[in-house]
Amino acid sequence: GRIDAPNFLETVRQALAVDEEWTRYLARLIPVERTFHFDAQGFVERLKQAVAPFAERMGAGCFYVRIERRGMLGQVHSQEAEREVADYLVGLLQSRDQQLRTDFHDPDWIVACETLGAEAGVALLDRETRRRYDFVQVR
């Protein structure tokens, strides 16, 4: 089943507030919304498909794409993929007459992708979530 991300994040926040022992092992957390399997050649296209629904929620504003890759060294180039996916999202919103621009300093949104080997998960992190839950961090 699907995880109720708001309840999950609130549970983690409360556990951190009372210093529950397991929270000592938590450095950061990304509330992944969807996952997908990929190969190196098809990664960018699969990532575009996975994040396309985020455009509906983003609308106009500013954002950036961040890929935290574990594995596929030399096969998947994170910065190139980030740029390509960002351009894709900007184009999607331009076709709806909404302006989306890149901002690395104080974005309205961060499109986060975490990979482990040939598995990936994506999340759309808004400013309010990042402020309320300081453990929700991208690198």
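Which residue follows H1? H1 is followed by Asp19, whose phi is positive, near 55°; the setting of this residue is taken up again below, after the overall architecture.

The structure is a predicted model, in which local features need pLDDT of at least 70 and side-chain atom pairs count only at pLDDT 80 or more, whereas totals for chains, interfaces and linings use all residues. Residues are numbered from 1 along each chain as its sequence is written, and side-chain values use heavy atoms, with hydrogens and water left out.

**Overall form**

The protein chain has five helices and five strands, which run α-β-α-α-β-α-β-β-β-α from the N terminus on; helices (H or I, at least four residues) and strands (E, at least two) are DSSP runs, numbered from the N terminus. A compact globule with 139 residues would have a radius of gyration near 14 Å, and the protein chain, with 16 Å, agrees with this; the radius is taken over C-alpha atoms, and the globule rule is 2.2 Å times the number of residues to the power 0.38. Along the principal axes, the C-alpha atoms fill a box of roughly 45 × 35 × 30 Å. Of the 139 residues, 45% count as buried, where buried means under 20% relative accessible area, exposed over 50%, and partly exposed in between (1.4 Å probe, protein chains only).

**The sheet and the helices on it**

Five strands form an open sheet of mixed pairing, in the order S1-S5-S4-S2-S3, two strands being paired if DSSP finds at least two bridges between them. The edge strands, each pairing on one side only, are S1 (34-37) and S3 (100-102). From one strand to the next the twist averages 25°, with axes as lines fitted to C-alpha atoms, for helices over the stretch in contact, and angles running from 0 to 180 degrees between N-to-C directions. S1 pairs with S5 (residues 119-126) in the antiparallel sense over four bridges, and the bridge partner of His37 in S5 is Glu119.

Helix H2 (residues 43-51) packs on the sheet, where it touches S1, S2 (61-68), S4 (109-116) and S5, and its direction makes about 160° with that of S1; contact means heavy atoms within 4.5 Å. Helix H4 (residues 78-94) lies across S2, S3 and S4, running at about 150° to S2.

Helix H1 (residues 5-17) has 13 residues and reaches 18 Å from its first C-alpha to its last, close to the 18 Å expected at 1.5 Å a residue, the expected span being 1.5 Å times one less than the number of residues. The buried residues of H1 are Leu9, Glu10, Val12 and Ala15, and what covers them includes H5. Arg127 lies in H5 (residues 127-132) and touches Asp106, Pro107 and Asp108, not counting residues up to four places away in sequence. Arg127 and Asp106 are 21 residues apart in sequence and 8.2 Å apart in space, C-alpha to C-alpha.

Most residues other than glycine have a negative phi.
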